[in-house]
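These are my notebook entries on one structure. I record what I looked up, entry by entry.

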Amino acid sequence: NKSDRSRNSARTLAPTLVISTASPPKLLPPKLTPSPTPTPMSSASPPTPPQLPLTLQLTVLCAALNSCNLGYDLGITADVTPLLENAFNLSEDNVSLFVGSLNFFALIGALVSPRVSDALGRRFSFMLTSVMFIFGVSIQSVSNTFGA
């Protein structure tokens, strides 16, 4: 008897699978609301967008030129590297140092620039980095050897 009860209780505890013959719900398209009726256009011209201040335009131009300047220098470095390698008799390590230095210092600048910009302001930061960039290019231009 005990074994019959345990079998019956096991049967009642077993999960039952009910298969529904009802069709799945249909997806209806979203209800479209009619757009408001357009108002008749007057003969006046459309409003002109507001003009940006000149200082903002110049700041945006400087930021864009700074990115172009970095890309230009990377392109020039790729073309000049073989010439410098032959002219200065550079080893592979020296060439790697020359080519990687621009990217390395650009990385340092990207990490430091938020703090400098917060401390000095954006305009002064742009001027400072431009002067540093010109100074570095000037040193490279007047150098006649790679080593000390």
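**Chain overview**

I began with burial: of the 148 residues in the protein chain, 5% are buried, where buried means under 20% relative accessible area, exposed over 50% and partly exposed in between, with a 1.4 Å probe and protein chains only. The model is predicted, and local features need pLDDT of at least 70, side-chain atom pairs count only at pLDDT 80 or more, and totals for chains, interfaces and linings use all residues. Residues are numbered from 1 along each chain as its sequence is written, and side-chain values use heavy atoms, with hydrogens and water left out.

I looked up the surface next. The protein chain exposes about 13,500 Å², and carbon and sulfur atoms supply 66% of this area; the accessible areas come from the Shrake-Rupley method with a 1.4 Å probe, and for residues only the protein chains shown count as cover.

For secondary structure I found four helices and zero strands, in the order α-α-α-α from the N terminus. Helices (H or I, at least four residues) and strands (E, at least two) are DSSP runs, numbered from the N terminus.

I then checked contacts, meaning heavy atoms within 4.5 Å. Among contacts in the protein chain with a separation of 6 or more, 63% join residues 24 or more positions apart.

**Helices H3 and H4**

I examined the axes of H3 (residues 92-120) and H4 (residues 122-142), which come within 10 Å and cross at roughly 155°. H3 is therefore roughly antiparallel to H4, a class that takes angles over 145 degrees. Axes here are lines fitted to C-alpha atoms, for helices over the stretch in contact, and angles run from 0 to 180 degrees between N-to-C directions.

I listed the residues that meet: Phe98, Leu102, Val116, Ser117 and Leu120 from H3, and Arg122, Phe124, Ser125, Leu128, Phe133 and Gln140 from H4. By class, the residues of this contact are seven nonpolar, three polar and one charged.

I asked which residues Ser125 contacts beyond its neighbours within four places in sequence. They are Val116, Ser117 and Leu120. Ser125 lies in helix H4 and counts as buried because its relative accessibility is 11%.

I placed Val95 in helix H3; at 13% relative accessibility, Val95 also counts as buried. Not counting residues up to four places away in sequence, Val95 touches Thr81, Glu85 and Leu90. I noted that Val95 and Thr81 are 14 residues apart in sequence and 7.1 Å apart in space, C-alpha to C-alpha.

Key: Parallel < 35°, antiparallel > 145°, perpendicular 65-115°, else oblique. Nonpolar A, V, L, I, M, F, W, Y, C, P; charged D, E, K, R; others polar.
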